[in-house]
Amino acid sequence: MVNKTVASLQAAVADVPDGATIMIGGFGVAGQPSALIDALIAQGARNLTVINNNAGNGETGLAALLKAGRVRKMVCSFPRQADSFVFDALYRAGEVELEVVPQGNLAERIRAAGAGIGAFFTPTGHGTLLAEGKETRLIAGRPHVLEYPLAADFALIKARRGDRLGNLVYRKAARNFGPVMATAAACTVAQVDEVVDVGALDPEAVVTPGIFVHRVVVA
Amino acid sequence: MKRLTREQLATRVARDIPEGAYVNLGIGMPTLVANYLPRDREIFLHSENGILGMGPAPAPGEEDPDLINAGKQPVTLLPGGSFFHHADSFAMMRGGHLDICVLGAFEVSASGDLANWHTGAADAILTAAGLSYLGLGLEISTPGDWGRDLADAQSFLGDGIWWTSLFPGLMIILLTVGLSFLGEGLNDMINPLLKKERA
């Protein structure tokens, strides 16, 4: 019997190595898998590259991971916010690297990695610092920039419900990056509010099919 | 130039949005437009974080942390609304499916060139890339705003962005020095004690 559910948060992130690249779902705190992040802090992996839309809010979740000094590099679209003081201080002190990616490029680069696309052209960022050193091409009279996929060793995401096969449904706008990140990591770990029996999720409404998910843990 | 208030500006932009339009409102002032949309028109608000059919702010106590707009403020969902993931959300924007985007801008020239904050450039560029219509909303600075501009700009000093502080700062210094010279001049001209000394 296939069973992707994992007994504890601890077990769900036990094998994350130092230097891993980790996607963390969420848009601000909506959809942020805080329990998995806390487990990762306790687990102790260092030198991480973290891919997220933001760079942490307040002092919990991703901000706590940054504060614990575990992150070597942030890849995100929108680091500066009213409550991103943990990241701001680390960045000014030169203790964390930053790669800023326009938000649609972030989503599409992740999608490309998950879909086996080698690279894609987009007009976004052409002629700006964000396109420096990148290949460009004129397509239908409009300049485009070549962007490469963004994959990860682990994706930590949050969903509303899951089953033992890894099928997931989300809650409202907390869905955001979860479904695309799930496709782009070697190991996708989903933190869910509840695990339901196989067959209980309406197949017409499953948002992330179980094929993309490796571990499901209740938090 | 007669200056519009933020509310007047939002009302003016809202008036131009037709029935059936799919509209993205940028973070900041453009968000206000949602409060002034004509009620007799069916208009669909898109939020980059995966919402179509976004409604107004919820009543106090009914906020849902999983239902927020791009500025991470609590919102509601209207009947017929939907949720989707980020790649789909940006396909709507970049694929040219939205009709209108209302952007906040740092500065706009008379010919419509727009300047944005350095750190916010990414968002402005990508939204501008796929749209057929841009509604721009920005307030005009007046002497009363220099203090506020300076205060806003100071938060960027730590990032080495000094030039946004320079101009409001210089204007305040110029105004102060100017007023002080004016006072000195008036004193020289009309102070009776000084007149006696000269005589």
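Biologist: In what sense do strand 2 and strand 3 of chain B pair, parallel or antiparallel?
Modeller: This is a predicted model, and in it Ser47(B) stands opposite Ile51(B) of strand 3. Two bridges join strand 2 and strand 3 of chain B, and the sense of their pairing is antiparallel.

Biologist: Which residue in the turn of that hairpin has a positive phi?
Modeller: Strand 2 and strand 3 of chain B form a hairpin, with three residues between them. In the turn, a positive phi of about 105° belongs to Gly50(B).

Biologist: Which residue is the bridge partner of Met54(B) in strand 4 of chain B?
Modeller: Strand 3 and strand 4 of chain B run antiparallel and are joined by four bridges. In strand 4, Met54(B) has as its bridge partner Leu77(B).

Biologist: How far apart in space are Gln73(B) and Ala57(B), C-alpha to C-alpha?
Modeller: Not counting residues up to four places away in sequence, Gln73(B) touches Ala57(B) and Ile68(B). Gln73(B) and Ala57(B) are 16 residues apart in sequence, and their C-alpha to C-alpha distance is 8.1 Å.

Biologist: How many helices and strands does chain B have?
Modeller: Along the sequence, the pattern of chain B is α-β-β-β-β-α-β-β-β-α-β-α-α-α. The secondary structure comes to six helices and eight strands.

Biologist: What share of the residues in chain B is buried?
Modeller: Among contacts in chain B between residues at least 6 apart in sequence, 53% join residues at least 24 apart. Chain B has 199 residues, and the buried share is 27%.

Biologist: How many of the residues of helix 5 of chain B are buried?
Modeller: Helix 5 (residues 163-190) of chain B has 28 residues and reaches 41 Å from its first C-alpha to its last, close to the 40 Å expected at 1.5 Å a residue. This helix lies largely in the open, because the number buried among its 28 residues is one.

Biologist: Which element of chain B has the lowest mean pLDDT?
Modeller: Chain B has a mean pLDDT of 79, and 74% of its residues reach 70 or more. Over residues 120-133 of chain B, pLDDT stays under 50, and the model has 35 contacts for them beyond four places in sequence. Strand 2 (residues 44-47) of chain B has the highest mean pLDDT among the elements of the chain, at 95. The lowest, 46, belongs to helix 3 (residues 121-129) of chain B.

Biologist: Which element gives the most residues to the side of chain A that touches chain B?
Modeller: The predictor gives the complex a pTM of 0.77 and an ipTM of 0.86. In the model, 29 residues of chain A are in contact with 25 residues of chain B. With five residues, the one that gives the most is helix 5 of chain A.

Biologist: How many nonpolar residues does that side of chain A have?
Modeller: The side of chain A that touches chain B has seven charged and nine polar residues. The count of nonpolar residues there is 13.

Biologist: What is the phi of Asn47(A)?
Modeller: Asn47(A) lies in the loop between helix 2 (34-43) and strand 2 (48-51) of chain A. It counts as partly exposed, because it has 13 C-beta neighbours inside 10 Å. Asn47(A) is not a glycine, yet its phi is positive, at about 60°.

Conventions:
Residues numbered from 1 in each chain as written. Chains lettered and ligands numbered in written order. Predicted model: local features only at pLDDT ≥ 70, side-chain atom pairs only at ≥ 80, totals over all residues. pLDDT = per-residue confidence, 0-100. Contact = placed C-beta atoms within 7 Å. Nonpolar A, V, L, I, M, F, W, Y, C, P; charged D, E, K, R; others polar. Expected span 1.5 Å × (residues − 1). Buried ≥ 20, exposed ≤ 12 C-beta atoms within 10 Å, placed from the backbone. Pairing = 2+ DSSP bridges.
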